[in-house]
Amino acid sequence: MISDNLVRLLENGIKNNWNLESMTDYIDGKTITYAGVAREVAKLHVLFKNIGFEKGDKVVVVGKNGINWCITYLATITYGGVIVPVLQDFNPSDIQHIINHSDARLVFTSENIWDNLIEDGLYYVEGVFSLKDFSLLYSKNNAKIEKSVPELTRLFNEQYPNGFSEADVLYPTIPNSELACISYTSGTTGYSKGVMLSANALAGNVHFSLSTKQLYPGSRILSFLPLAHVFGCTFDFLSSFCAGAHVTFLGKIPSPKILLKAMEDVKPTIIFSVPLVIEKIYTKQIRPMLETRGMKWALSIPLLDSQFLSQINKKLTNAFGGQFSQIIVGGAPMNPDAEAFFKKIGFKFTVGYGMTECAPLISYTYWADYKANSVGRILDGMEAKILSGDPMNEPGEILVRGENVMMGYYKNEEATKAVFDEDGWLHTGDMGTMDFDGTLYIRGRTKNMLLGPSGQNIYPEEIEAKLNNMPYVLESLVVQKTDNRLVALVVPDYVAVDAAKMTHQQVKEVMEENRKALNSITASYESVAEIKVHPNEFEKTPKKSIKRFLYTNSVK
């Protein structure tokens, strides 16, 4: 077990960085120090004590990323409660169901979300609080809550008559074996499950992150991933907080324009991202430049080639603030074309692999040692194996076990048994291979794998990666018809289509040319029989994976 206790890591993060800036909300410019965070956490502890909140009780937090979101999270787990982060983008009925399924006693949320929930349908909730200012939005006839909230300042002052100081940060000893978080993920296959993460699983990720020395007191983070998703929560927030970093929460959808302006302002020292974010910047800013006649000519000449590539690397690096040690990409597969180009120009990026069930990290390698098309090496404290006859060359399901693995699915023993074998190996559902040194390569999702006409394994993600690099393609999804033929659903890049003043018929003609070009670079059993134009972007999960289950039966 990890020797670093999660609560002690958080407590030390506060004490060791007392006067440093801890968090900033980018939109309103509000900043709070570690001392300020500790004070607000202590206030909530006073509230919890006075309303009879007990160890193991559940707290739902649902709202946009921000200072008070993090304070709620910290106050809950350092008190001994269980935090239940819920993505604000879930529809109200899903949020309501998760609140009930998790047995939450308290809810901290934004007022616009609360307006869409049904009070009488919250079966166990005793109090609902605003993430704006921790004011009381609702109480289910709980006199203690109704009395304590307006008197919280007085109660806090009585608790700390000599003022609140660093010496007052003394959190209870909570074993790492205890449940700390239930993370509900929509996944790509339908109904959400509550992943039970122990303090040990979270501490394992934080411990590894701190061991890399890339987070340190005063380091700068621009947080634009959803904190309700474990990737953003563990690294943008928990690891950074324990290290004494200063985190700025973007608080907006990270469009290229908004994100690049924030990067310029914050100048992050390390960046955590999903592929879609940096791929959009590559697609919009870099690829059009590469396709100009002058650039194609320059890149065809060896001496000019290296000079121009170096300039492109510099421009791309500066676009992300110019001061980062590396960009760590995770959460979904990366576009091979973009990855190959980043690798060619020496861009400081690496791709890791994880899942909510591992809080999340399974493998990672520093950018300078990163192997192309891989997802890094298996972490210390984790084991992995491939279910195939030749793990280095023949794809098989990836199995993992170790420090970071979940306790199981909350109130779902059947689903838990379905993913764990008798030796404690977690079946990830991902297909891959693994080098002798523990470097992993992902081939696709087991549940996404299709069978070719002679029983060949077809990984639709590999076909889609090729198609996504073709003209006027924004994104694609390969599905299999009932007659086993493959059909690609393609969302056109309508910005490029409009710029070219193309008609609908011309778009269809271009897609047919793309289909022919695609089939010329894929195996015969991977041939796409038809491309169908899809009018809107595909619906996605919080980590920007397409919800395949919504489209697999859309083509007959």
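Close-up 1. K267 has a relative accessibility of 31%, so it counts as partly exposed (between the cut-offs for buried, under 20% relative accessible area, and exposed, over 50%, with a 1.4 Å probe and protein chains only). Its phi is near 50 degrees, a positive value in a residue other than glycine. K267 is in the loop between α10 (256-266) and β12 (271-273); helices (H or I, at least four residues) and strands (E, at least two) are DSSP runs numbered from the N terminus.

A word on the source: this is a predicted model, where local features need pLDDT of at least 70 and side-chain atom pairs count only at pLDDT 80 or more, while totals for chains, interfaces and linings use all residues. Residues are numbered from 1 along each chain as its sequence is written, and side-chain values use heavy atoms, leaving out hydrogens and water.

**Close-up 2. N373, another positive phi.** Here phi is near 70 degrees, again in a residue other than glycine. N373 is exposed, at 52% relative accessible area, and is found in the loop between β16 and β17 (377-378).

**Close-up 3. The cis peptide bond at P360.** The bond from A359 to P360 is cis, with omega near -5 degrees. P360 belongs to the loop between β15 (353-354) and β16 (361-364).

**Close-up 4. Y73 and its neighbours.** Leaving aside residues up to four places away in sequence, Y73 touches I83, P85, C181, L202, C233, F237 and L238 (contact means heavy atoms within 4.5 Å).
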